[in-house]
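Me: Please put up the sequence and the structure, and then let us go through some questions.

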Amino acid sequence: MIFIAILIGCIIGVLAGMNAPIIPYSMSGYLAISIIAALDSVFGGITSVLKGNFDLKIFVSGFFGNAILSILLTYLGEKLNVDIYLAAIIVFVGRMFTNLAIIRRYYLDKWTGKKEENVSDEKK
């Protein structure tokens, strides 16, 4: 089921990307930081699914809350002429790497566990 949702999302993203107007340079910073915030939420959602404690309300509120907060930090930093958005990038990317490590370990353990089960079955 989730793979169908991912496939539909990818198709919608491609179609929207082909038909969307070009983002002006002045807005590219906002788009970049909001994409990083959204990716952080997606990796966090995948991690919580693997741990078995996924909650859609928390995911959606975190998805939009992180994106809005990061855009506001970028706007504030632009007005103060300080690169405050770098703090958000460091936090979000750090969390993304942490979540990616958890996902990687989960699938490596799952794969090696099945590999060991196959070896023990062959010895019998």
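Questions and answers on the chain follow.

This is a predicted model, in which local features need pLDDT of at least 70 and side-chain atom pairs count only at pLDDT 80 or more, while totals for chains, interfaces and linings use all residues. Residues are numbered from 1 along each chain as its sequence is written, and side-chain values use heavy atoms, with hydrogens and water left out.

Me: How many helices and strands does the chain have?
Reply: Helices (H or I, at least four residues) and strands (E, at least two) are DSSP runs, numbered from the N terminus. From that end, the elements run α-α-α-α. The count is four helices and zero strands.

Me: What is the radius of gyration of the chain, against that of a compact globule of 124 residues?
Reply: The radius is taken over C-alpha atoms, and the globule rule is 2.2 Å times the number of residues to the power 0.38. The C-alpha atoms fill a box of roughly 70 × 35 × 25 Å along the principal axes. A compact globule of 124 residues would be near 14 Å, but the chain has 19 Å.

Me: Is Asn66 buried or exposed?
Reply: Buried means under 20% relative accessible area, exposed over 50%, and partly exposed in between (1.4 Å probe, protein chains only). Asn66 lies in helix H3. Leaving aside neighbours within four places in sequence, Asn66 is in contact (heavy atoms within 4.5 Å) with Ala37, Asp40, Ser41, Ser61, Phe92 and Arg95. With a relative accessible area of 16%, Asn66 is buried.

Me: Which residues is Ser48 in contact with, leaving aside its neighbours within four places in sequence?
Reply: Ser48 sits in helix H2, residues 25–51. Its relative accessible area is 14%, so Ser48 is buried. The contacts beyond those neighbours are Asn53 and Phe54.

Me: Which helix gives the largest share of the nonpolar patch?
Reply: Val49, Phe54, Leu56, Val60, Phe64, Ile68 and Leu72 form this surface patch, with about 660 Å² of accessible area together (Shrake-Rupley method, 1.4 Å probe). The largest share, five residues, comes from H3.

Me: What is the phi of Asn81?
Reply: Asn81 is in the loop between helix H3 (56–80) and helix H4 (85–123). Asn81 is exposed, with a relative accessible area of 71%. Most residues other than glycine have a negative phi. In Asn81 phi is positive, near 60°.

Note on methods: Patches are made of residues with over 30% relative accessible area and no salt bridge: like charges are joined within 9 Å, nonpolar side chains (Val, Leu, Ile, Met, Phe, Trp, Tyr) within 5 Å. A salt bridge is a side-chain nitrogen of Lys or Arg within 4 Å of a carboxyl oxygen of Asp or Glu.
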